[in-house]
Amino acid sequence: METKKTTFDNRLLPYLLLAPQLFITLVFFIWPAAQAVKSSFEREDPFGLSTAFVGLLHYQRLLSDPEYLAALSRTGVFAVSVTVLSMVLGLAFAAAVDRLTRTGKVYTTLLVWPYAVAPVVAGILWWFLFNSTTGLMPFVLEKFGIDWDHDLNGTQAMILIIVAAAWKQISYNFLFFLAGLQSVPQSLMEAAAIDGSGPVKRFFTISLPLISPTTFFLFIINVNYTMFDTFPIIDATTVGGPAQATTTLVYKVYQDGYIGLNLGSSSAQSVLLMMIVMVLTYVQFRFVERRVQY
Amino acid sequence: MVENRPFLTFLTHAFLIVGFLIVALPVYVAVIASTHDVSTLMSQTVPLWPGSHFIENYSRILTDASAANGLPNYSHMALNSLIMAVVITVGKIAISILSAFAIVYFRFPFRQLAFWIIFVTLMLPVEVRIMPTYKIVADLGMLNSWAGLTIPLIASATATFLFRQFFMTVPDEMLEAARVDGAGPMKFFRDILLPLSRTNIGALSVILFIYGWVQYLWPMLVTTDPGYYTLMMGMKRMVTVQDGVIEWQLVMAGSVLAMLPPILIVIFMQRLFIRGLTETEK
């Protein structure tokens with residue numbers, strides 16, 4: 001990592017400038033993370049008086065606990081559904097706006113604001129829309145013979161949080177896809193048009209392959225978002241239920257640790273989650289280096 | 001546009017308009033619901049046209065503390081959200097621009113290490129270290145305080161990276177000229193770098209303000225004193241009614257007010273917002 005060719009030669013000053021950032025990072029990020037790793041190998045007695053080293057016990061228990069494995073696969077379903085739904089819609093909107101020269105800006109304004117809605121508010125809005133007594137959606141769904149009650153039906157509860165989480169993320173994907181599409185060289189499009197390919201064919205054979213780096217980047221970002229930033233949606237609406245049907249990995253860490261006070265297991269879960277974020281971040285940054293050359 | 005296809009253009013408009021209507025549906029329903037009274041919302045499917053209780057509902061939520069069952073006054077929570085968002089925005093920008101300055105304009109031992117320590121924050125979101133972070137904040141006596149609410153959220157790798165990238169594009173001649181004129185590092189920072197960074201600071205502020213405004217898990221962990229409740233926690237409390245009915249018209253009025261400030265910022269500062277979003281996330 002480079003600096004400027006000419007630099008200032010103060011000895012103490014750079015440390016002072018870095019001190020606040022490093023202090024907060026060490027105290028509130030790295031130290032707690034280290035504590036989580038440490039207590040994931042320990043067991044505390046019920047009174048909190050002594051701790052004993054138990055090795056990989058918590059991990060072994062977790063990985064053989066059907067509930068944890070169910071939460072793992074549930075999180076996978078949740079993350080992939082939200083990612084695919086919000087990316088497909090974001091891309092469709094971006095492709096449409098990209099076609100319009102003058103009115104595109106207006107539509108952009110009409111589509112970007114959901115990003116600013118807080119996850120907890122987004123959850124509450126959709127929860128109300130699907131509310132079984134007064135909501136609009138159950139009323140509509142009834143016409144199709146669907147009996148909606150996300151308080152009892154786990155699949156429906158999952159659909160509810162998928163819709164709410166994807167809704168919030170559409171504008172983000174839309175903006176990145178739009179930027180990607182607008183950077184596709186116009187000359188390529190014109191050449192293809194002269195060769196007789198229509199807009200749909202051009203989209204699938206030219207635009208889509210050329211924006212594949214953006215697509216990959218967004219995939220990682222969206223999986224990350226769904227795993228970690230959707231906590232408020234779940235907490236304000238389904239609270240992980242019914243019967244754990246919407247308990248994701250992050251929600252389980254919260255329930256077992258903060259509510260259930262099971263420190264060892266919660267720490268082991270934290271450590272496993274950290275590993276997932278590390279992999280995602282690594283992939284994301286490896287890819288950014290490639291994108292610069294692209 | 002490469003060629004003129006009126007029918008396809010028509011379809012494009014139709015698709016975008018329908019898309020917008022679907023995306024806006026939950027917000028539309030929320031606004032409508034906030035103008036009805038409780039009996040309408042309890043007994044039937046939500047009406048699609050506004051009712052006559054707009055003023056009553058909004059003035060109740062803004063002035064009547066009991067409207068939010070035992071929570072502090074709504075405007076008090078809104079003020080808390082505002083303070084939290086502003087402190088986080090200013091704090092993140094201040095410490096990040098200083099660290100980026102140190103990393104780019106100085107050569108010193110452990111520079112690389114410092115960079116990696118900052119980088120690590122990306123991999124440790126609050127959600128994965130709930131318990132130990134809570135414990136540290138408790139041990140430091142920072143529960144139920146502004147310091148506890150804001151300081152642990154202030155570290156920012158993305159903001160540091162953004163400023164670092166920007167500083168790398170500032171021509172070296174600037175620094176040489178400043179040194180020839182006898183300017184020290186802090187004078188160079190204040191008189192040259194800071195004014196040059198104005199647009200970046202603006203773009204970042206929009207993103208960070210929204211980030212601070214929508215915080216949920218962290219304030220919930222570190223505050224139990226209702227005096228520190230933010231709007232987002234208030235919203236959750238309003239919908240967790242133990243017995244009795246949820247007053248949907250008030251919940252929806254509350255939701256509308258809670259999403260209004262960030263939405264207005266995004267719409268009216270759209271250029272800065274888009275710039276901030278696309279620059280910070282890479």
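Predicted model: local features only at pLDDT ≥ 70, side-chain atom pairs only at ≥ 80, totals over all residues.
## The contact between chains A and B

Chain B contributes 115 residues to the contact, and chain A contributes 102 residues. The area buried between the two chains is about 10100 Å². Carbon and sulfur atoms give 76% of that area.

Between chain B and chain A there is one salt bridge. It joins the side chains of Asp235(A) and Lys236(B), with a distance of 3.7 Å from N to O. On the side of chain B that touches chain A, the largest share comes from helix α1 (residues 6-33) of chain B, with 17 residues. By residue type, that side of chain B divides into 84 nonpolar, 18 polar and 13 charged residues.

Ser207(A) is placed in helix α9 (residues 199-210) of chain A. Its relative accessible area is 4%, so Ser207(A) counts as buried, the limit being under 20%.

Leaving aside residues up to four places away in sequence, Ser207(A) touches Leu181(A), Val184(A), Met189(A) and Arg202(A). One of these, Leu181(A), is 26 residues from Ser207(A) in sequence. In space, the C-alpha atoms of Ser207(A) and Leu181(A) are 6.5 Å apart.

## Aromatic pairs in chain A

Over all chains, the structure holds 40 aromatic pairs. One of them is formed by Phe231(A) and Tyr251(A), whose ring centres are 5.3 Å apart. The planes of these two rings stand at 35°, so the pair is tilted. This pair links distant parts of the chain, with Phe231(A) in helix α11 (residues 231-236) and Tyr251(A) in helix α12 (residues 249-259), 20 residues apart. Phe231(A) is buried at 2% relative accessibility, and Tyr251(A) is buried at 2% as well.

Tyr254(A) and Tyr258(A) form a stacked pair, with 5.6 Å from centre to centre and 20° between the planes. Both residues lie in helix α12 of chain A, four residues apart, which is about one turn of the helix. Tyr254(A) has a relative accessible area of 7% and is therefore buried, whereas Tyr258(A), at 22%, is partly exposed.

## An aromatic cluster with residues of both chains

One aromatic cluster is formed by Phe8(A) together with Phe101(B), Tyr105(B), Phe106(B), Phe163(B), Phe166(B), Phe167(B), Phe188(B) and Phe189(B).

Technical notes
Residues numbered from 1 in each chain as written. Chains lettered and ligands numbered in written order. Heavy atoms only, no water. Contact = heavy atoms within 4.5 Å. Buried area = accessible area lost by both parts, 1.4 Å probe. Salt bridge = Lys/Arg side-chain N within 4 Å of Asp/Glu carboxyl O. Helix = DSSP H or I, 4+ residues; strand = E, 2+ residues; numbered from the N terminus. Nonpolar A, V, L, I, M, F, W, Y, C, P; charged D, E, K, R; others polar. Buried < 20%, exposed > 50% of the residue type's maximum accessible area, 1.4 Å probe, protein only. Phe/Tyr/Trp six-rings, centres within 6.5 Å; stacked < 30°, edge-to-face > 60°.
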